[in-house]
Amino acid sequence: MSLRTLVLQHIACEPPGVFEDVLRERGANLRRVELDEGEPLPDWRDFDAIIAMGGPMSANDDAKLPWLTTEKRAIGEAVRAGTPYWGVCLGVQLLAASLGAEVYPGPTPEVGLLPVSMTGEARSDPVFGDAPHELVTLQWHGDTFDLPDGAVRLASSPAYPNQAFRFERAYGVQFHLELSPEMAREWAEVPEYVTSLERTLGAEAAPAFLAAIEANAEAMRYEGRALFERWLDRVAT
C-alpha cells in the first residue's frame with residue numbers, strides 16, 4: 001500500500017530533497033503543506049507518516065506565528081500515538097518542543113560542513129546503527145534543544161551535543177543531508193540564513209561555502225538516503 005505521508009514545510013526552499021526522492025521512488029502518496037504560506041494543517045490521523053523540514057523561524061515564535069502552536073500540538077499528539085515522524089533542523093526542534101523539552105538559542109550559530117559523531121546508543125539503533133561513526137553534515141542553525149524525557153540521543157557535535165534523537169517511532173536530526181547544490185544556493189538568498197552565515201563565517205565566506213556544499217552534496221545525499229531508507233524500512237513501515 002502507498003505510504004500516506006504528510007510533509008510539513010516552513011519555507012519554499014526547504015523541501016525534503018533526497019527524502020522526497022526516496023518516497024516518490026517507492027510510490028508514497030505525499031501531501032505537502034506550506035504552513036508559512038497559511039495553508040491549513042490537515043488531520044494527522046489521515047496519514048501514515050510525517051516529515052517535518054527546516055525553516056528560518058524559531059520553534060518558539062508562537063506569538064508571531066500562531067500556527068506553530070497548532071503544529072506542535074499536532075506533532076505531539078501524532079508522535080505519542082505512534083505515528084512515524086522524521087524531522088530535520090527546525091523539524092527536530094519542533095519534535096523536542098512538542099514532547100515538552102526546551103528549545104533555545106545556542107552559544108553561537110553552527111554553520112558549515114561539520115562532522116557529527118554517533119553516540120554509543122546509536123550502535124544498537126535500527127536507523128543509525130549502520131551509519132559511519134562520523135558523518136560530514138551541513139549545519140545551518142542557531143537554536144538547540146534539550147532532550148525530551150524518554151528520548152535517546154543518537155548523534156552529537158562538539159558545539160551542539162544534541163544532534164539527533166529517537167523517541168519511540170519519531171526521529172529528528174539537527175543537520176542536513178538532504179539538499180542539492182541548487183537548494184543551497186536558494187538558502188543563501190534567505191535573509192535569516194545569510195545573517196547566520198555572515199555572523200559565523202564572515203561576510204565574504206558565502207561563495208567558498210556554497211562551493212564546498214556543491215563539492216560534498218552527493219556524498220551527503222548518499223548518507224541521507226541511507227538513513228532515511230532505514231527509517232522507512234525498519235520504523236515507518
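Trainee: How many nonpolar, polar and charged residues are in the lining of the largest pocket?
Mentor: The lining has nine polar residues, eight nonpolar and three charged. Keep in mind that this is a predicted model.

Trainee: And what's the volume of that largest pocket?
Mentor: About 390 Å³. There are 20 lining residues, and the closest to the pocket's centre are P56, H141, G142, D143 and S196.

Trainee: Which elements give two or more residues to the lining?
Mentor: Helix 3, strand 5, strand 6 (134-145) and helix 5 (191-201). Helix 5 provides the largest share, with five residues.

Trainee: Let's take helix 3, then. Which of its residues are buried?
Mentor: L90, G91, V92, Q93, L94, L95, A96 and S98 are the buried ones. That makes eight of the nine residues in 90-98, so helix 3 is largely enclosed by the rest of the structure.

Trainee: OK, over to strand 5. I'm looking at L114, which lies in that strand. Is L114 buried or exposed, or partly exposed?
Mentor: Partly exposed, because its relative accessibility is 28% and the buried class stops under 20%.

Trainee: What is L114 in contact with, leaving aside its neighbours within four places in sequence?
Mentor: L135, V136, T137 and Q139.

Trainee: New topic: the largest nonpolar core. Which residues touch the most other members?
Mentor: W86, F128, F228 and W231, out of 50 residues in that core. Helix 6 (residues 206-236) gives the largest share, nine residues.

Trainee: And the other core, apart from this one? How many residues does it have?
Mentor: That one has 30 residues, including L35, W67, V92 and F165.

Trainee: Back to F228. What does F228 touch, not counting residues up to four places away in sequence?
Mentor: F19, V22, L23, I51 and W86. F228 and W86 also turn up in one aromatic cluster, together with F19, F128, Y171 and W231.

Trainee: Speaking of aromatics, how many aromatic pairs does the count come to?
Mentor: It comes to 12 aromatic pairs. One of them is W86 with W231, a tilted pair at 5.6 Å centre to centre and 50 degrees between the planes.

Trainee: Where do W86 and W231 sit in the chain?
Mentor: W86 is in strand 4 (residues 85-88) and W231 in helix 6, so to speak distant parts of the chain, 145 residues apart. Both W86 and W231 are buried.

Trainee: What about W140 and W187? Why is that pair edge-to-face?
Mentor: Their ring centres are 5.8 Å apart and the planes sit at 65 degrees, so the pair is edge-to-face; the planes have to be over 60 degrees apart for that.

Trainee: Which parts does that pair tie together?
Mentor: Strand 6, where W140 lies, and helix 4 (residues 181-187), where W187 lies, so the pair ties together parts 47 residues apart in sequence.

Trainee: Are those two buried or exposed?
Mentor: W140 counts as buried at 5% relative accessibility, and W187 counts as buried at 1%.

How values were computed. Residues numbered from 1 in each chain as written. Predicted model: local features only at pLDDT ≥ 70, side-chain atom pairs only at ≥ 80, totals over all residues. Heavy atoms only, no water. Buried < 20%, exposed > 50% of the residue type's maximum accessible area, 1.4 Å probe, protein only. Helix = DSSP H or I, 4+ residues; strand = E, 2+ residues; numbered from the N terminus. Contact = heavy atoms within 4.5 Å. Core = buried A, V, L, I, M, F, W, Y, C linked by side-chain atoms within 4.5 Å. 1 Å grid on protein atoms, 1.4 Å probe; cavity = no way out; pocket = protein on both sides within 12 Å on 5 of 7 lines; lining within 4 Å. Points joined across faces, edges and corners; volume = space filled by probe spheres on them. Nonpolar A, V, L, I, M, F, W, Y, C, P; charged D, E, K, R; others polar. Phe/Tyr/Trp six-rings, centres within 6.5 Å; stacked < 30°, edge-to-face > 60°.
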